[in-house]
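Subject: Structure for you to look at

Hello,

Here is the structure I promised to pass on. Please open it first, then read my notes alongside it.

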Amino acid sequence: MEKNKAKTAGLQKRSFRLSEKEATYLQNVASQNCMSMSRYIRMLIDADMEKGIVEKRNLQNLLRRDLINEINHIGVNINQITRSHNENLYSEHDKRKLFALMKKLNEMVGRL
């Protein structure tokens, strides 16, 4: 009895309806995997939750890649502006462009 209590600690009991076809399928698949129907359903939910975590991780990786790419572009522009400044060719347009790029960078970093 104590062993069963330990197994179910933290679990909540839920009931839901299945069609006969769904119930038969669930029973067959769970049996083939040597699991109870409850355990099989929990496994499916865990797998779905993990999929969501993986998708979120992939999105974060894409955002990081975009951020790195944007930083590289900003670095190139900063180098061009610095060169122009050193040659006394620095213009207000370049200054505005630099501030716009820096603002965009700050926004992207804020999102991450």
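**How two helices cross**

Helix 3 and helix 4 cross in a left-handed way. Keep in mind that this is a predicted model.

Which residues of the two helices meet? On the helix 3 side, they are Asp-66, Leu-67, Glu-70, Ile-71, Ile-74, Asn-77, Ile-78, Ile-81 and Ser-84. On the helix 4 side, they are Asp-94, Lys-97, Leu-98, Leu-101, Met-102, Lys-104, Leu-105, Met-108 and Val-109. The residues of this contact divide into 11 nonpolar, 5 charged and 2 polar.

Now the geometry. The axes of helix 3 and helix 4 come within 10 Å. They cross at roughly 160°. Angles over 145 degrees count as roughly antiparallel, so that is how helix 3 and helix 4 are placed relative to each other.

**The salt bridge**

How many salt bridges does a search of the whole structure find? The search finds 1. Its partners are Lys-104 and Glu-70. Their closest N and O atoms are 3.8 Å apart. The cut-off for a salt bridge is 4 Å, so the pair counts. As background, side chains of opposite charge can pair when their charged atoms come close.

What does the pair tie together? Lys-104 lies in helix 4, residues 92-111. Glu-70 lies in helix 3, residues 37-86.

Is Glu-70 buried or exposed? Glu-70 is buried, because its relative accessible area is 14% and the cut-off is under 20%. Lys-104 has 40% relative accessibility, so Lys-104 counts as partly exposed.

Look at what surrounds Glu-70, too. Leave aside its neighbours within four places in sequence. Glu-70 is then in contact with Leu-101, Lys-104 and Met-108.

**One more residue in helix 4**

Find Phe-99, which lies in helix 4. Phe-99 has a relative accessible area of 54%. Exposed means over 50%, so Phe-99 is exposed.

Then find Leu-26. Phe-99 and Leu-26 are 73 residues apart along the chain. Their C-alpha atoms are separated by 59 Å.

**Where to start**

Begin with Lys-104 and Glu-70, the salt bridge pair. Finish at Phe-99, in helix 4.

Best wishes

Technical notes:
Residues are numbered from 1 along each chain as its sequence is written. This is a predicted model: local features need pLDDT of at least 70, side-chain atom pairs count only at pLDDT 80 or more; totals for chains, interfaces and linings use all residues. Side-chain values use heavy atoms; hydrogens and water are left out. A salt bridge is a side-chain nitrogen of Lys or Arg within 4 Å of a carboxyl oxygen of Asp or Glu. Helices (H or I, at least four residues) and strands (E, at least two) are DSSP runs, numbered from the N terminus. Buried means under 20% relative accessible area, exposed over 50%, partly exposed in between (1.4 Å probe, protein chains only). Contact means heavy atoms within 4.5 Å. Axes are lines fitted to C-alpha atoms, for helices over the stretch in contact, and angles run from 0 to 180 degrees between N-to-C directions. Angles under 35 degrees count as roughly parallel, over 145 as roughly antiparallel, 65 to 115 as roughly perpendicular and the rest as oblique. A crossing is left-handed if the near helix is turned anticlockwise from the far one by less than a right angle, and right-handed if clockwise. Ala, Val, Leu, Ile, Met, Phe, Trp, Tyr, Cys and Pro count as nonpolar, Asp, Glu, Lys and Arg as charged, and the others, Gly among them, as polar.
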